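Me: Hi! I've got a structure to look at today and I'm new to this. Can you walk me through it?
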Amino acid sequence: MTERIAIRTCPLCEAGCGLEITVRDETVARIRGDMNDVFSKGYICPKGSTLKQLHEDPDRLRQPMVKRNGTHVAVTWDEAWAEVDRGLSAVIATHGRESIGTYLGNPGAHNLSAMTFNRVLLTAIGSRQRFSASSVDQVPKQVSAGFMFGTAVSVPVPDLDRTDMLLMLGANPYASNGSLATAPDWPGRLEAIRARGGRIIVVDPRRSRTAESADEWLPIRPGTDALLLAAMVQAVFAAGRADIGAHLAGHVNGMEEVKVALAQFTPEAVERVVGIDAATIRRIALELCAAERAAVYGRIGTTTVSFGTTASWLVDVLNTVTGNLDIVGGAMFPLPVAASPTTRGKKGIGKGFKTGRGKTRVRGFPEALGEYPAALMAEEITTPGNGQIRAMVVVGGNPVLSTPNSSQLDAALDSLDFMVSVDIYLNETSRHADVILPAPSHLYRSHYDLALLNFGLRSVANYSPPVFDLPAGTPDEWEILAKLAAVAQGLGADADPATVDEVTIRSLIESTVRDETCVIAGRNADDIYDALSGSDNGSLRGPDRMLDLFLRIGPFGDGFGVRPDGVTLKKLKQHPHGLDFGALIPRVPEVLRTPSGKIELAPPELLGDVPRLAASLNGDPDAMLLVGRRHLRSNNSWMHNIRVLVKGKPRCTLQIHPDDAARLGVTEGAPVRVTSRVGSVVAPAEITDAIRPRVVSLPHGWGHDVQGTKQSVAHEHAGVNSNVLTDHEAIDPLSGNAVLNAIPVSVAATVATA
Ligand SMILES: Nc1nc2c(c(=O)[nH]1)N[C@H]1C(S)=C(S)[C@@H](COP(=O)(O)OP(=O)(O)OC[C@H]3O[C@@H](n4cnc5c(=O)[nH]c(N)nc54)[C@H](O)[C@@H]3O)O[C@H]1N2
Ligand SMILES: Nc1nc2c(c(=O)[nH]1)N[C@H]1C(S)=C(S)[C@@H](COP(=O)(O)OP(=O)(O)OC[C@H]3O[C@@H](n4cnc5c(=O)[nH]c(N)nc54)[C@H](O)[C@@H]3O)O[C@H]1N2
Ligand code: SF4
Ligand SMILES: [Mo]
């Protein structure tokens, strides 16, 4: 018997916990938290250890699949590539490159292959019809941060470990493990705030586990966080307490404009629609001023709503006017180890951020972050005309369960001339693909969380080598993406991904040495190439080589000899439990990349949304609204095939308040019909006072009972797809993000009760 221990970072969610994997006879024997991980210190959640089950899941695809006469059959890689080449080339030849749409899913954000090669693929495809899970998630926060601070990743995070007061809106880290504020063990960090005498206030229509553990729960009416935040800002100004702090003096534009624009949103003006009384709103606003160190943090419940960008903006306005932006224990800018847009380029000033550099073909909706709203993908596929999408390339995404008006998208995908999915399962989305290219199991791949460490609560770096060697003949995920890029470029089914890798790294190095603000500005590109690729550096290739470049030109990097003690991938490999470069530090003004070099508290785009916000004060406070929720043992739509995670009581239930249940004749466990403008589903009722009256909640990512998939466990625990109810017409106008919360619905018992 052979036994070894492998250390790796969990790639399943943003927390990025360290795992200690015991491998016995080349089989995973046990997975537990890595006690020595510099960031997670042994913490894991129930999903972390299921990487074993995921690796061993017989339904996980190990061979490419091609659809023949409506059924998917396993084929060789050569056959699959020939099919991809035929399909893509035909569509490009007949309809042009704009007729190829792409959708990149969420797991790509936790995937080094995708983080380094997705953009290569998009460039090679050369179409503006780009979509991703970002527009059903965090784009609003990125847009508001872009306008205020200059880049789409300049997102302040709550300094949990040092704050005295946390106001948290629309986030449930006890289930999600935290989001856009990367740290393992959010629950422990929250409990520590209270243990040291601090306070936590949770704003959520549901008394979530997080709300339950907080000092105060404010059951807000869904979709009204922007009004609540506007009223808090107003209250701060009206009390004469607005104070950005001496540290920000001279660095903030727009205080007066914000004050004037928000003057109408008094706590009294919003209380009816928001459902929280004026005195409470005012009290909490002033507590934020009084606390020595406080942070306001908003997540999914604040971004996936009609006022997503405006609410995201107001979170940071509130942080700023209460003196809590960029202070220790407040809302701080992360300092990522691998070069991020906030550590590259000229310090303190930049080109700023723009949206609308293109418009969708069908309804002229403006671009944000180089892509279009996922909500509008279906109409781009089904509406005839020049530029109509005829082929889709989907990488690690399941938009049929994850994006609005799913039934419409499901039908649209069926009408395509060609579709390819890079995925690990034959599921609700990939069943539409003519070819499925299976990414290998996570344990065959190296890992570094290039994306989410941009939002780290500490400056940490963790590199994980593959736990197992790839089986012979099985391509790594980056090789699949690189080859797909080559095929899209017309290089044919025999194209070598290594060539794509070489071209990509060469051009990356060229642009880096040309950047006069970079630590390796003016250096010889061949020398840098050799330093990265040579045998004394491990003959790096693919994502690892790019990662080494990013680490070395980053703020803690060795600068290829400039700072010999600095970090390199080689050094990181010698520290399997990670390297910790410390807690966050104040970064204004160097972090800013706005054209003015100032924090823009009142960007014209956001002020432009204020009249719409004011109009929402006329909303009907009695409307029945649907919200979502997450469960710790779930991961969007795709971990429901792991038996240990789905066992137990059915989780896809419709939570409803006892008053509503009584009024509507709904009984516990009985099937209830929920109907929205675009669809209707039936789910079992879960009557609970842990939800506000006139609000119902259904989790997303379920609805696995469709034909033609290969997910036997998920099929047994099908649930219903909540995105059959969400409306593709409901989009945040500033960011293009879908509205997934506060959906107007009607609810009816399907069985008459006595
Ligand atoms: N109603 C409602 N809808 C929501 C949300 C909500 O709160 N409410 N949340 C939204 C959010 S925040 C998000 S991020 C989106 C997610 O939207 P998506 O990213 O579209 O959906 P996922 O369920 O994450 O699907 C991930 C897919 O990637 C595959 N996969 C897993 N690992 C890998 C891998 O390593 N490589 C490859 N190639 N494939 C892999 C899985 O099999 C699955 O098909 O859903 C959104 N949808
Ligand atoms: N276990 C698990 N972990 C996950 C995921 C998962 O699916 N499962 N998904 C991952 C992903 S992709 C993401 S983006 C993150 C998301 O991380 P979080 O944002 O923490 O996710 P949720 O648990 O959906 O929390 C959103 C909360 O907002 C509330 N809410 C709904 N509408 C409103 C509203 O209008 N106003 C307010 N104030 N609250 C509202 C909901 O009741 C819910 O409690 O989680 C990540 N982690
Ligand atoms: S919290 Fe997230 S990163 Fe940590 S073990 Fe669970 S799924 Fe993995
Ligand atoms: Mo997400």
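Predicted model: local features only at pLDDT ≥ 70, side-chain atom pairs only at ≥ 80, totals over all residues.
Me: New topic: what domains is the protein divided into?
Reply: There's domain 1 (3–56), domain 2 (61–139 + 351–447 + 463–492), domain 3 (159–338 + 588–613) and domain 4 (623–749).
Me: How many residues of domain 1 are in contact with domain 2?
Reply: 18 residues of domain 1 contact 16 residues of domain 2. About 1400 Å² is buried between these two domains, with 60% of that area coming from carbon and sulfur atoms. On the domain 1 side, Arg-8, Pro-11 and His-55 supply 46% of the area buried against domain 2, more than any other three residues.
Me: And the largest nonpolar core, how many residues has it?
Reply: It has 166 residues, and Leu-437 and Phe-265 are among those with the most contacts inside it. Helix H8 (residues 225–238) gives the largest share, 11 residues.
Me: Where does this core lie?
Reply: Domain 2 and domain 3 both give residues to this core, so it lies between them.
Me: Which residues does Leu-437 touch?
Reply: Leaving out residues up to four places away in sequence, Leu-437 touches several, including Trp-77, Trp-81, Val-420 and Ile-480.
Me: What about a second core?
Reply: A separate core of 29 residues includes Val-136, Met-377, Ile-381 and Met-419.

Notes. Residues numbered from 1 in each chain as written. Chains lettered and ligands numbered in written order. Heavy atoms only, no water. Core = buried A, V, L, I, M, F, W, Y, C linked by side-chain atoms within 4.5 Å. Buried < 20%, exposed > 50% of the residue type's maximum accessible area, 1.4 Å probe, protein only. Helix = DSSP H or I, 4+ residues; strand = E, 2+ residues; numbered from the N terminus. Domains from an automatic or database assignment. Contact = heavy atoms within 4.5 Å. Buried area = accessible area lost by both parts, 1.4 Å probe.
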